[in-house]
Amino acid sequence: MANAFSGQLDKATVLAWLLEKDAAKLQSLWRWADEVRAKTVGDQVHLRGLLEVSNYCARQCSYCGIRTGNKSIARYRMTADEIVQAARQAASFGYGTVVLQGGEDFGLTTAWVEDVVRRIKAETDLAITLSLGERFPKELERWRKAGADRYLLRFETSDQRLFDRIHPPLKAALAAGQVESNAPNNVSRWELLTVIRDLGYELGSGVMVGIPGQTWESLADDILWFGKLDLDMIGVGPFIPHPETPLAGAVNSGPDLVTADVETTCKVVALARIVRPDANIPATTALGTVDRVNGRELGLRRGANVIMPNITPLKYRQAYEIYPDKAALNAPTEDEPDTVMELLNQIDRVPGVGQGKRGG
Ligand code: SF4
């Protein structure tokens with residue numbers, strides 16, 4: 001099934017769709033993506049329990065609310081027992097995967113993560129996705145050997161100058177004394193994607209839509225990269241400014257720059273489905289945040305086949321504020337199993353069975 005529909009889009013076509021404003025024409029894009037989704041991955045929506053294991057982070061990404069420079073949030077790190085308990089709960093809800101996500105927190109040591117992965121694997125049938133930032137290849141190897149199945153590392157933008165502007169290197173944090181140990185990883189994020197793939201993980205990546213300074217042309221390049229990287233999972237979310245960051249209040253204006261709205265995000269989801277037909281593509285929490293009522297549903301109707309309900313204990317969830325007013329933060333019922341099932345029923349889709357590997 002792999003790539004049965006890919007190769008149909010060149011850059012000019014992708015760009016034209018990104019710039020398209022005609023509602024009737026866009027209906028045909030939504031239909032196209034939905035048909036590809038139905039033919040390749042079917043009507044199952046895979047549920048991945050999202051566990052935000054730590055909000056410590058060594059990095060200073062200029063858009064992110066848990067960047068190390070933000071002193072206004074309380075920091076936490078879940079215990080191994082809390083994580084294993086939450087994973088058991090995810091399994092009891094019928095979810096096929098648990099996603100362990102956190103800041104780039106070197107307090108989550110190699111051995112500690114390895115042990116947590118082993119324990120979850122011993123106690124459940126869950127697939128494990130790790131999303132712990134740019135870690136060292138040796139660590140990634142040990143976690144893979146311990147049983148981790150997938151790794152998520154969004155490249156955010158393929159425009160290197162824009163990437164560098166919003167992701168100061170770790171060594172800047174080291175020089176400022178903000179990171180106490182660990183030499184900076186001298187394998188770039190881009191190179192790490194290959195490392196992850198070569199270690200046998202299913203590879204997830206993706207982009208942010210509407211980063212201040214992001215051009216339509218570079219976003220078209222990003223979408224073509226989804227195909228070139230042969231991604232197994234593609235996460236797409238709109239830029240949402242956080243008040244405690246250097247990009248607080250930043251908004252793109254001007255015809256060359258990408259708007260951070262629901263429609264543009266859905267266009268990227270739809271085009272991602274067309275260039276990577278059998279990938280797993282979530283209707284992201286960020287999409288559900290910019291449109292609390294319809295965001296996830298629109299994502300699922302326009303190419304997505306995954307939801308990641310937040311299963312982080314409520315006492316920690318408030319503090320994992322990568323952007324403000326996150327869905328499932330102030331109204332936690334949004335992510336409860338019954339609410340998710342209601343959404344799937346409304347759109348005639350069914351919960352996924354099993355771990356939901358690529359193409360499944
Ligand atoms: S985006 Fe990730 S690496 Fe960057 S500051 Fe936020 S949690 Fe840390």
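Ile83, Ala86, Ala87 and Ala90 are the buried residues of helix 3 in this predicted model. Seen down the helix axis, the buried residues fall within an arc of 105°, so they line one face of the helix.

**Helix 3**

- Helix 3 covers residues 80–92, which is 13 residues.
- From its first C-alpha to its last, helix 3 reaches 18 Å, close to the 18 Å expected at 1.5 Å a residue.
- What covers the buried residues of helix 3? The cover includes strand 1 (44–54), strand 2 (97–102) and helix 4 (110–123).
- The face turned away from the buried side carries Asp81 and Ser92, and these residues are exposed.
- Gly94 follows helix 3, and its phi is positive, near 90°.

**The whole chain**

- The protein chain has 14 helices and eight strands.
- Its radius of gyration is 19 Å, close to the 21 Å that the globule rule gives for 360 residues, so the chain is as compact as a globular protein of that length.
- Along the principal axes, the C-alpha atoms fill a box of roughly 55 × 45 × 40 Å.
- Of the 360 residues, 45% are buried.
- Take the contacts in the chain with a separation of 6 or more: residues 24 or more positions apart account for 81% of them.

**Around the ligand**

- Which residues are around the ligand? They are Cys57, Arg59, Cys61, Cys64, Ile66, Arg67, Gly103, Glu104, Gly133 and Ile322.
- Sorted by class, this shell has five nonpolar, two polar and three charged residues.

**Two loop residues with positive phi**

- Asp230 sits in the loop between helix 9 (216–228) and strand 6 (233–238).
- Phi of Asp230 is near 50°, a positive value in a residue other than glycine.
- Is Asp230 buried, exposed or partly exposed? It has 14 C-beta neighbours inside 10 Å, so it counts as partly exposed.
- Asp348 lies in another loop, between helix 14 (337–346) and strand 8 (350–351).
- Phi of Asp348 is near 55°, and Asp348 is a residue other than glycine with a positive value.
- Asp348 counts as exposed because it has 7 C-beta neighbours inside 10 Å, and the cut-off for exposed is 12 or fewer.

Methods. Residues numbered from 1 in each chain as written. Predicted model: local features only at pLDDT ≥ 70, side-chain atom pairs only at ≥ 80, totals over all residues. Helix = DSSP H or I, 4+ residues; strand = E, 2+ residues; numbered from the N terminus. Expected span 1.5 Å × (residues − 1). Buried ≥ 20, exposed ≤ 12 C-beta atoms within 10 Å, placed from the backbone. Arc of directions from axis to C-beta. Contact = placed C-beta atoms within 7 Å. Near = placed C-beta within 6 Å. Nonpolar A, V, L, I, M, F, W, Y, C, P; charged D, E, K, R; others polar. Rg over C-alpha atoms; globule rule 2.2 N^0.38 Å.
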